[in-house]
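Dear colleague,

I am handing over the structure we spoke about, and my notes on it follow below. Please read them with the coordinates open.

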Amino acid sequence: RLRGQRVLIAASYRGDEARSRPAVWQKLQALQQAGLRQRLALAPLDARATDELVRRSLGMRRPAPLFAARLHRETGGNPLFVLEVLRALYDDGLLFQNEQGEWSTPWDETTADYREMAAPAAVERVIAHRLALLKPDERAALETAAVLGDRFDFHLLQETSGQETARLVAAVANLARRQLLVERPAVYEFGHDEIRRIAYRSIGAEERKAIHRRAAAALEAQPPGPLPGHAAVAYHLAQGEVWDRAVDAYAAAGREAAAVYAAEAALQAYGQAVAILQEHQPFPAAERAGRHMDLLAALCPLLYQRV
C-alpha cells in the first residue's frame with residue numbers, strides 16, 4: 001500500500017537480539033525478500049568517531065583525546081559500551097562537572113593514558129546479556145574459544161571442542177556475524193577482550209578444567225611448532241590441574257626457551273615447574289626432591305646470565 005507514497009521508515013536493531021526473537025526476524029526477512037528493505041550494517045566506531053560520540057554525549061566544549069582513546073580501547077568502539085561506560089562512571093562519581101561546567105575525572109592531572117579506568121560492571125551486564133542469547137552450540141564454541149585464548153585457528157577449536165564440523169562451522173559463523181568473534185587470515189580473535197573474559201568466567205569450574213585438558217591434548221597432537229608450543233601445553237595442563245604432566249611440560253618449555261637464549265621465558269617456565277612441585281607435590285618425596293634439584297640446576301646458569 002505504501003509503494004506509491006513518499007514514506008521512509010528507519011529502524012535499528014541488533015542482529016543477535018533480532019534472531020533470538022523468531023517473530024521479529026521473520027518480519028525482517030519478509031521485508032528483505034519483498035525488496036522493501038535497504039540494510040546498512042554499522043561497524044564499530046574508530047578512535048576519532050569515539051571521541052566525537054563522547055564530546056556530543058557530554059556536550060564538551062574541548063576534546064579529550066586521551067580519555068576518548070582509553071574508552072575506545074576499553075569498549076572496542078562499540079557505541080553502546082561507550083555510553084554505558086560514561087553512564088557508569090557518572091553514577092560512580094568518577095565523571096563529574098566542575099563549577100565551569102567542564103567534565104573531569106580523578107585521574108586527569110596524573111594519568112598518562114587513563115589506564116586507571118577499568119571497564120565498569122555495566123559493560124559486563126551488556127556482554128552477559130548478549131551471551132545469554134546464544135544457542136547451545138554457539139555458547140559451547142565461544143566458551144571453548146575463551147579457554148584457548150585471544151587467538152586460535154579453527155582446527156584447534158574443533159579438536160578441543162569435539163563438536164561435529166558442520167555444527168561448529170555454523171556456530172562460529174554466527175559468532176562472527178554477532179561480532180563476538182572476528183575472522184582473520186588463518187585465525188580467529190575475540191571481538192573484545194571483555195567478551196573472552198566474561199565467557200571464560202561463565203564456565204563452571206569442572207567444565208573449565210576439562211576444556212583445558214582437551215586443549216592440552218589438542219596442542220600435543222599438533223606437529224612441532226614455534227617456541228610457545230610447550231609453554232601453551234604446560235599452561236593448559238596446569239589450569240586443568242594435571243600437575244605431574246604440567247611440571248614436565250613447563251620443564252620442556254624452559255629447555256626450549258633456553259636453547260634459543262630466551263632467558264626470561266626460560267626462567268618463567270622453570271619457575272612455574274618449581275612452584276607446582278612445591279605447592280601441589282604431584283610426585284613421591286624422593287622423586288620430587290630429584291626433580292627439584294634438576295630444575296634448580298637448570299635455573300642457576302640463567303640467573304647467573306641475568307646478573
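Predicted model: local features only at pLDDT ≥ 70, side-chain atom pairs only at ≥ 80, totals over all residues.

The buried residues of α3 are Thr-50, Asp-51, Val-54 and Leu-58. Viewed down the axis of α3, these buried residues fall within an arc of 100 degrees, so they line one face of the helix. Their packing partners are α4 (65-75), α5 (79-91) and β2 (103-104), whereas Arg-48 and Arg-56, on the other side of α3, are exposed.

Both ends of this helix have a local feature to report. At the start of α3, the backbone nitrogen of Arg-48 has a side-chain oxygen of Asp-46 within 3.3 Å, and just after α3, Gly-59 adopts a positive phi of about 65 degrees.

Elsewhere in the chain, three strands form an open sheet in the order β3-β5-β4, with antiparallel pairing. Its edge strands are β3 (151-152) and β4 (181-184), each of which pairs on one side only. Strand β5 (residues 187-190) runs antiparallel to β3 and is joined to β3 by two bridges; within this pairing, Arg-151 stands opposite Glu-189 in β5.

Terms used:
Residues numbered from 1 in each chain as written. Heavy atoms only, no water. Pairing = 2+ DSSP bridges. Helix = DSSP H or I, 4+ residues; strand = E, 2+ residues; numbered from the N terminus. Buried < 20%, exposed > 50% of the residue type's maximum accessible area, 1.4 Å probe, protein only. Arc of directions from axis to C-beta. Contact = heavy atoms within 4.5 Å. Polar contact = N/O pair within 3.5 Å; in protein donor to acceptor, adjacent residues only side chain to side chain.
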